[in-house]
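Here is a short briefing to read alongside the structure. Keep the viewer open and follow the topics one by one.

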Amino acid sequence: MSTNEPSSEHAGRTVLVTGAGGGIGGDYVAAFAAAGANVVATDVAGAADAGTALADKVSSAGAGKVVFVTADVTSDADWETVVATAGAEFGGIDALVNNAAIYQGLRTKSPLTELTNESWDRVLTVNVRGTWQAIKAVTPAMRARGGGRIVSISSTVARMGAPGFAHYVASKAAVDGLTRAAARELGADAITVNGVAPGLVSDAASRTLNTGDYIAAAAKGRALGREMTPDDLVGAVMWLASPSSGFVTGQTVVVDGGGVFT
Ligand SMILES: NC(=O)c1ccc[n+]([C@@H]2O[C@H](COP(=O)([O-])OP(=O)(O)OC[C@H]3O[C@@H](n4cnc5c(N)ncnc54)[C@H](O)[C@@H]3O)[C@@H](O)[C@H]2O)c1
């Protein structure tokens, strides 16, 4: 296989990225494929056109191959299809990046007194139950492989308690707990489970939910004093998905330019 980085640890591995039809998930897909990994990219039907276009574009770049599969993280039937596709196309799964979440889909921020039970349940179901369903679905394939890497995308809001989306904040705190629980349970199978907690990224999703002044204030509050881009996340996610992070598990790494110290 040709790869842009012949010495990459990811060359020839298979990585599954959820929520990869656009947003930051697309950046992870492109980065893994550029490093020579084959990628199964998934997203809901509404993002399928964008996901397929991304898969075609990245695959034609000549390093790893990307296959897009329409799949909802809350559907066990869809997970069966995803895992079967990874097996048929690439022979198994080495790493899973749980990136899918309702974030831009929140559309607006609201005081917790105005959230509906329906919106609470939807956010918790996708962000938490969907992450657990993903881990559940890939575990047998990783066991068959002799190990694996799971990286779940959290958020610094789980530590900061940022106002305006209590259901989302609670969901990301739950993802952190799930990371620890899964790490304990899957360690004996040489499967590591870690999280990456991004700060506020200056992307389309964040601009939907926040004013420019809010994003600028977040940048000012960072040790590194600048806005954050999707590129700033790629290194941490790729390392936790790589063979060389094999003795790190149950951790959630904050990647926010030094905004939150915990
Ligand atoms: N953008 C930020 O500032 C920021 C900060 C911290 C954490 N995060 C997290 O990073 C990840 C990516 O964020 P983003 O900014 O690209 O957000 P986004 O809302 O643009 O992307 C989320 C993706 O998940 C997909 N998705 C939603 N529901 C799904 C479901 N049921 N099944 C499968 N896919 C589903 C969406 O279609 C979308 O492609 C999310 O987990 C988000 O919570 C983002």
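Helices here are DSSP runs of H or I with at least four residues, numbered from the N terminus. By that rule Ala216 sits in helix α8, residues 212–220. Please keep in mind that this is a predicted model.

**Around the ligand**

- The shell around the ligand holds 26 residues, and Asp43, Asn99, Tyr168, Val201 and Asp203 come nearest.
- Asp43 places a polar side-chain atom 2.6 Å from an oxygen atom of the ligand.
- Asn99 uses its backbone instead: an N or O atom there lies 2.8 Å from an oxygen atom of the ligand.
- In the side chain of Lys172, an N or O atom is 3.0 Å from a ligand oxygen atom.
- On its own the ligand has 820 Å² of accessible area, and the protein covers 91% of that.
- Two or more residues of the shell come from each of α1 (23–34), α6 (166–186) and α7 (204–209).
- By class, the shell around the ligand has 14 nonpolar, eight polar and four charged residues.

**The second largest pocket**

- This pocket has about 160 Å³ of space.
- Its lining is made up of Trp132, Ile135, Lys136, Thr139, Leu178, Ala181, Ala182, Glu185 and Leu186.
- The elements that contribute two or more residues to this lining are α4 (117–145) and α6.
- α6 gives the most, with five residues.
- Six residues of the lining are nonpolar, one is polar and two are charged.

- Is Ala216 buried, partly exposed or exposed? Ala216 counts as partly exposed because its relative accessibility is 37%, between the limits of 20% and 50%.
- Ala216 and Glu227 are 11 residues apart in sequence, and their C-alpha atoms are 7.0 Å apart in space.

- As background, most residues other than glycine have a negative phi.
- Arg107 is not a glycine, yet has a positive phi of about 70 degrees.
- You will find Arg107 in the loop between β4 (95–98) and α4.
- With a relative accessibility of 63%, Arg107 counts as exposed, since the cut-off for that class is over 50%.
- Ala190 also has a positive phi, near 60 degrees, in a residue other than glycine.
- The loop between α6 and β6 (191–198) is where Ala190 is found.
- Ala190 has 40% relative accessibility and so counts as partly exposed.

Key:
Residues are numbered from 1 along each chain as its sequence is written. This is a predicted model: local features need pLDDT of at least 70, side-chain atom pairs count only at pLDDT 80 or more; totals for chains, interfaces and linings use all residues. Side-chain values use heavy atoms; hydrogens and water are left out. A residue is near a molecule or strand if one of its heavy atoms lies within 4 Å of it. A polar contact is a pair of N or O atoms within 3.5 Å; within protein, one must be able to donate a hydrogen and the other to accept it, and residues adjacent in sequence count only if both atoms are side-chain atoms. Accessible areas come from the Shrake-Rupley method with a 1.4 Å probe; for residues, only the protein chains shown count as cover. Ala, Val, Leu, Ile, Met, Phe, Trp, Tyr, Cys and Pro count as nonpolar, Asp, Glu, Lys and Arg as charged, and the others, Gly among them, as polar. On a 1 Å grid over the protein atoms alone, a cavity is a set of points where a 1.4 Å probe fits but cannot get out, and a pocket is an open set with protein on both sides within 12 Å along at least five of seven lines; lining residues have an atom within 4 Å of a point. Grid points are joined across faces, edges and corners, and a volume is the space filled by probe spheres set on the points. Buried means under 20% relative accessible area, exposed over 50%, partly exposed in between (1.4 Å probe, protein chains only).
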